[in-house]
Amino acid sequence: MRGSRALPLASSRPLLRPRLRTALVAYLFLAPALVLLGVFTFAPLVFGTLLAFADYNILRPPRWVGLENFRILLEDPAFWVALRNSLRYLAVVPAIQLVALLLALLVNRRLAGITLFRAAYYVPVITSFAVAGLMWNWMYAQHGVMNWVGLRLGLLPRPFDWLNHPTLALYAVMLVTFWKGIGYYMVLYLAGLQALPQELLEAARVDGAGRFRTFLSVTLPMLRPTLLLCTLLSTLAAVKVFEEVYVMTGGGPFGQTTTALLYVYQKAFQEFRFGLAAAAGLFVAVIGLVLSLLHVRIFREGGLRPW
Amino acid sequence: MVTKLRSAVGHMLLYGLLGVVALFTLFPFLWTLRTALSTAGSVFTFPPRFLPEKAGLGNFTEVVRTLPVGRYFLNSVVLTVYGVTGTLAVASLAAYPLARLDFPGRNLLLLALLGTLLLPNEAGFVVNFLTLSQLGLVNTYTGVVLPSLASVVGIFLLRQAYLAIPQELVDAARVDGASEFRIWAQIVLPLSRPALAALGVFSFVAHWNSFIWPLVVLKDPDRYPLAVGLLYLQGLFAHSTRLIAAGTVLAMLPILAVFCFAQRFFLRGLEGALR
Amino acid sequence: MRRAVGVVIALFLLAASVRAGTPGISLEFWTISLRPFFTNYITELIRTYEGQNPGVRVHWVDQPVGAVVQKLLSSLAAGAPPDVVNLNVPMAAELAQQEGLLALDGLLRPEDRTRYFEGMLGSFRIGGRIYGLPWYVAPPVVAYNGEIWRRAGLDPDRPPRTTDELITYAKRIKDHTGLYGFMPNVNGTNLLQRFQEAGLPILEDRRAVFNSPRHVQELEKWVRLFRQDYFPEDTLRRGYLGATELYTAGELGMLITGPQFLLRVRHENRAVYDRTRVGPYPLDRGRVIHAPLMGLSIPRTTRRPQEAVRFALYVTDDRNQLAFCRIVTIFPTARAAARDPFFSRLPPNPTPEDHARTLSARQLPLARDLTVVVPHQGELMKAFRDNIEAAFFGHKTPKQALDDAVRRWNARL
């Protein structure tokens with residue numbers, strides 16, 4: 001790690017005292033963050049994990065029930081539907097990443113008005129989910145614009161309520177995730193592209209490589225840290241998707257768009273079964289962990305350390 | 001001549017493509033703006049009407065008349081400024097030792113921080129509310145911002161930026177006998193300005209848009225920020241689509257302005273962060 | 001830079017010290033979405049009460065409708081609940097089941113109870129105990145677009161009297177004009193109320209019984225109408241909000257809704273409002289009408305149960321209910337207030353709202369909040385809703401859907 005070079009003076013002095021001093025200084029710097037994280041992030045995490053083994057409705061003290069919550073979960077078909085939907089949601093990751101990368105390449109040039117386009121692509125990112133949900137509800141309504149466009153292009157036989165279709169609704173929500181996501185990742189890719197050493201790209205071009213070849217053999221490999229970061233963030237966000245579904249379908253029709261975290265929310269705040277919700281939350285955490293380990297592994301095989 | 005023509009056609013194609021994507025990303029907002037500007041006729045007609053009917057600012061004045069929008073706006077500003085300064089202060093301090101000091105427990109800490117990104121935190125809602133009420137912070141802005149002040153993503157973003165600062169600069173200061181705090185304040189921070197700006201914009205967006213947590217923590221409607229106050233437009237007795245659209249536009253304008261202003265900074269900041 | 005850090009710390013301390021402090025006897029009163037339109041009414045109400053009861057301060061907090069249960073839950077958990085809170089029947093049922101509300105039986109005098117319509121007070125009887133005082137009620141009417149009716153060859157002076165007639169009219173409108181005739185309240189758990197309006201039981205001896213052949217027929221009827229495209233898909237997801245939107249756009253023949261929503265039609269599309277006529281809610285075999293009811297409940301951990309009940313009784317007394325009804329088309333839950341000529345006499349040049357008021361007032365004795373209250377409310381309602389939706393979308397037959405729902409219910413009852 002680069003930080004290990006940080007103490008050239010310390011090594012020439014007696015060992016213990018400066019080390020202690022450094023540690024003290026380090027933890028002083030970290031103190032505000034650690035206190036806040038400890039109280040507001042780690043404590044709820046620990047509490048939430050314990051709750052998975054309890055029956056708890058907030059108003060009565062928790063009652064320990066062992067593995068009961070997990071048994072209920074495994075027997076609940078709705079939970080499996082929710083897990084399946086969260087995994088299906090992963091399909092949005094390659095779509096977002098591909099389009100975001102292409103967009104980044106498109107806008108990474110000096111053109112009149114290019115900053116305006118960049119800004120336009122970023123507008124969905126700064127739109128809150130509450131607002132995005134309202135807007136897209138209007139778009140998808142039976143009398144909304146999406147149906148009109150579909151009819152005009154001859155793609156739809158008749159207008160229908162997109163968010164209420166047992167199979168299509170989930171994909172309609174994914175489109176909103178896509179809409180909100182491409183700008184975010186475009187900016188990250190753009191930053192990655194602009195940080196690439198220009199000399200290397202020049203050299204490739206001088207060697208007579210075409211644009212496409214240069215991209216495949218020079219740009220893409222060097223972008224790998226950014227790719228890893230973006231795909232990892234995007235994968236985790238997909239597994240943990242909640243807001244879009246909550247504001248647009250609420251999980252319906254008949255649970256067909258319920259995702260894992262929406263299931264957690266419903267158990268906690270609509271049925272007041274916080275223990276069950278915590279158990280389901282643990283499941284999601286484990287899935288997220290497995291996916292990110294896999295992810296890092298795939299990238300590491302390409303010779304990359306993520307951090 | 002041929003190449004010139006080809007590049008002209010290429011340009012046109014490029015702009016066409018850029019335009020189509022922009023239409024996709026902007027359309028919902030433009031549609032909302034259209035609804036907000038129409039003062040007559042029906043909101044839902046089929047086929048849809050793309051220009052406002054009897055365009056005017058009537059809906060905006062109506063929103064301002066029925067809700068204390070000015071007050072909500074000020075509340076939002078206070079909350080957001082509080083949140084952004086706090087986030088920047090906490091993250092910029094924490095990132096320093098993680099990037100530039102060697103101390104026991106550092107790797108463990110980095111792992112633990114990453115872990116928080118993986119785990120869902122549904123119990124956080126309840127536990128944090130209980131903690132805040134123990135601390136007597138319910139119905140205060142401190143209670144609203146405190147749980148989200150320590151931004152793990154922010155810490156990582158700034159750590160990456162700090163790592164990019166040449167070691168010689170830091171070493172020179174150490175030889176001069178500068179304390180770590182002075183190195184942080186006088187060398188590292190000024191050099192990380194773009195990354196700080198980027199984090200500032202991220203956290204501005206997050207604080208400006210957040211509504212669930214403020215709604216839970218704040219009791220007194222006079223303290224609601226804009227995002228929460230506008231919920232009153234979707235009430236039991238008056239659910240007017242045009243007014244909701246106008247409120248939506250009002251809530252989005254400040255953030256659009258900030259983004260347009262900070263855009264240059266923002267891209268440069270991320271550049272430094274990802275190197 | 002050091003100064004900046006100092007400023008941040010100072011900000012922290014400053015914000016931490018700004019805290020709401022209320023001395024003396026103070027009551028916290030929560031309402032649902034009454035701001036901004038009824039701010040004057042509520043503040044006036046409170047001012048009068050404080051004048052009559054020196055030393056009592058009432059602190060009013062209005063919550064947006066989507067947030068009230070969560071906020072109440074968190075404030076209960078934190079041990080600082082409001083003293084009087086506005087809840088509808090489903091909310092009150094859920095919170096009473098989680099032991100969050102105070103049973104009022106011991107705190108009410110006999111004359112307090114007889115003040116309200118018996119059925120309405122009964123709607124707040126959950127598990128045999130009273131958990132709320134009825135405040136106001138919004139029985140539905142049928143608003144219809146006279147212009148669309150004429151095009152369909154219907155007589156605008158003859159609104160539908162029964163559910164069967166309503167359906168016949170709706171079909172005729174769709175067949176003759178291509179526009180939808182209605183968006184019936186069959187989404188979500190509304191069918192539980194629909195069953196009761198049709199005279200069908202939900203529970204008998206604490207067992208769910210809504211899968212008899214007659215229940216199945218009722219569900220089949222609506223599923224068939226849906227399949228034949230006699231009402232739009234939006235109905236199932238968006239319910240009355242979607243219906244109000246479509247009606248306001250002039251694209252729906254009839255709107256079955258609480259009369260307070262006519263206000264919205266007037267606001268958004270004057271042309272449609274001017275064509276709007278109002279008829280009574282069509283009756284079915286049960287001769288009962290589901291009317292969503294609002295009430296006032298007292299959280300179990302309030303420090304001042306006596307004062308809280310006193311204030312709740314004051315807010316729901318005849319005079320104050322009547323004053324509220326005069327500013328919006330809602331109805332009193334107190335018998336004496338409902339007898340006021342305001343509800344029976346039409347003013348000159350009556351508006352659709354005036355018609356709605358007199359029509360609803362006549363039906364008021366039939367109105368009840370038919371919300372079904374069962375243990376594990378949230379879970380069982382979700383099971384019901386999911387099965388009904390599966391039936392509408394053809395994933396289950398109506399019989400299978402009701403059988404499955406009944407099985408889920410009886411496993412938990």
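The legends below describe views of a predicted model.

**View 1. Chain A as a whole.** Chain A contains 14 helices and 2 strands. Its radius of gyration is 24 Å, well over the 19 Å that the globule rule gives for 307 residues, so chain A is more spread out than a compact globule. The C-alpha trace of chain A spans about 65 × 60 × 35 Å along its principal axes. Of the 307 residues of chain A, 44% count as buried. Among the contacts in chain A with a separation of 6 or more, 66% come from residues 24 or more positions apart.

**View 2. The contact between chain A and chain B.** On one side are 76 residues of chain A, in contact with 65 residues of chain B on the other. Which helix of chain A gives the most to the side that touches chain B? Helix 1 (residues 16–51) of chain A does, with 19 residues. Sorted by class, the side of chain A that touches chain B holds 57 nonpolar, 16 polar and 3 charged residues.

**View 3. Helix 9 and helix 10 of chain A.** Helix 9 (residues 198–206) of chain A packs against helix 10 (residues 211–222) of chain A at an angle of about 145°, and their axes are 10 Å apart. The crossing of helix 9 of chain A with helix 10 of chain A is right-handed. Helix 9 of chain A makes the contact through A:L200, A:L201, A:A204 and A:R205, and helix 10 of chain A through A:T214, A:V218 and A:T219. By class, the residues of this contact are 4 nonpolar, 2 polar and 1 charged. In general, an α-helix has 3.6 residues a turn, so residues three or four places apart point the same way.

**View 4. Helix 10 of chain B.** Helix 10 (residues 193–209) of chain B has 17 residues. From its first C-alpha to its last, helix 10 of chain B reaches 24 Å, close to the 24 Å expected at 1.5 Å a residue. Is helix 10 of chain B largely enclosed or largely open, and why? Of its 17 residues, 14 are buried, so helix 10 of chain B is largely enclosed by the rest of the structure.

**View 5. The surroundings of B:Q234.** B:Q234 sits in the loop between helix 12 (226–229) and helix 13 (241–274) of chain B. B:Q234 counts as buried because it has 20 C-beta neighbours inside 10 Å, and a residue is buried at 20 or more. B:Q234 and B:I244 are 10 residues apart along the chain, and their C-alpha atoms are separated by 7.2 Å.

How values were computed: Residues are numbered from 1 along each chain as its sequence is written. Chains are lettered from A and ligands numbered from 1 in the order in which they are written. This is a predicted model: local features need pLDDT of at least 70, side-chain atom pairs count only at pLDDT 80 or more; totals for chains, interfaces and linings use all residues. Two residues are in contact if their C-beta atoms, placed from the backbone, lie within 7 Å. Helices (H or I, at least four residues) and strands (E, at least two) are DSSP runs, numbered from the N terminus. Ala, Val, Leu, Ile, Met, Phe, Trp, Tyr, Cys and Pro count as nonpolar, Asp, Glu, Lys and Arg as charged, and the others, Gly among them, as polar. The expected span of a helix is 1.5 Å times one less than its number of residues. A residue is buried if 20 or more other C-beta atoms lie within 10 Å of its own, exposed if 12 or fewer, and partly exposed in between; C-beta atoms are placed from the backbone. The radius of gyration is taken over C-alpha atoms; the globule rule is 2.2 Å times the number of residues to the power 0.38. Axes are lines fitted to C-alpha atoms, for helices over the stretch in contact, and angles run from 0 to 180 degrees between N-to-C directions. A crossing is left-handed if the near helix is turned anticlockwise from the far one by less than a right angle, and right-handed if clockwise.
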